[in-house]
Amino acid sequence: MKIVRNPQKGFDNSYAKGGMNLWGEGIYFALDAEYPVFSGFGAGCKDPATKKKQLLLCLVECGLPTLGERNMSSNPRVHPDLSLTFKTFVDCASKPEIFATSENYQAYPAYVICFPSHVGP
């Protein structure tokens, strides 16, 4: 829950620095909830009181996505002559399943989902 800075301002992207950035630097979101649960990401995200696992359901503004590359840290321009930039890094251009946002305002936590600790790895 530390990553949630303020529900009105989005996430604190400082937690995304220095991590495993396969498709660019930012906060990562999966299209399918099974991905973070069964891949081990967020394994330590448990409610201290109930010890149940927690998952955030978020609203994410993707804007114009581009195929990400390892350690991309800024949003590239759509065209060198335009000031328009890509807003999201994705794992696959044709059918993205993983999205990385680089700006705090692009994602808002909507719900905290709690489930038993025995689900997932």
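Helices (H or I, at least four residues) and strands (E, at least two) are DSSP runs here, numbered from the N terminus. This is a predicted model, so to speak: local features need pLDDT of at least 70, side-chain atom pairs count only at pLDDT 80 or more, and totals for chains, interfaces and linings use all residues. Residues are numbered from 1 along each chain as its sequence is written, and side-chain values use heavy atoms, with hydrogens and water left out.

**View 1. The whole protein chain, element by element.** Reading from the N terminus, you get β-β-β-α-β-β-β-β-β, that is, one helix and eight strands. Of the 121 residues, 31% are buried (under 20% relative accessible area; exposed is over 50%, partly exposed in between; 1.4 Å probe, protein chains only). Take the contacts (heavy atoms within 4.5 Å) with a separation of 6 or more: 64% of them join residues 24 or more positions apart. The accessible surface is about 7,800 Å², and carbon and sulfur atoms own 58% of that (Shrake-Rupley method, 1.4 Å probe).

**View 2. An open sheet of four strands.** The order is β3-β7-β6-β5, with mixed pairing (two strands pair if DSSP finds at least two bridges between them). β3 (27-30) and β5 (65-67) sit at the edges with a single partner strand each, so one side of each has no neighbour in the sheet. On average, neighbouring strands are turned by 30° against each other, direction ignored (axes are lines fitted to C-alpha atoms).

**View 3. Zooming in on β3 and β7.** β3 pairs with β7 (residues 98-101) in the antiparallel sense, over four bridges. Across the way in β7, F29 has F99 as its bridge partner, while A30 has I98. I27 and F29 make up the covered face of β3, and Y28 and A30 the uncovered one.

**View 4. F29 and the largest nonpolar core.** Five residues make up this core: F11, I27, F29, C58 and A107. A nonpolar core is a set of buried Ala, Val, Leu, Ile, Met, Phe, Trp, Tyr and Cys residues joined through side-chain atoms within 4.5 Å. Skipping neighbours within four places in sequence, F29 touches F11, C58, V60, E97, I98, F99, T101 and A107.

View 5. Y28 has 27% relative accessibility, so it counts as partly exposed.

Conventions
Axes are lines fitted to C-alpha atoms, for helices over the stretch in contact, and angles run from 0 to 180 degrees between N-to-C directions.
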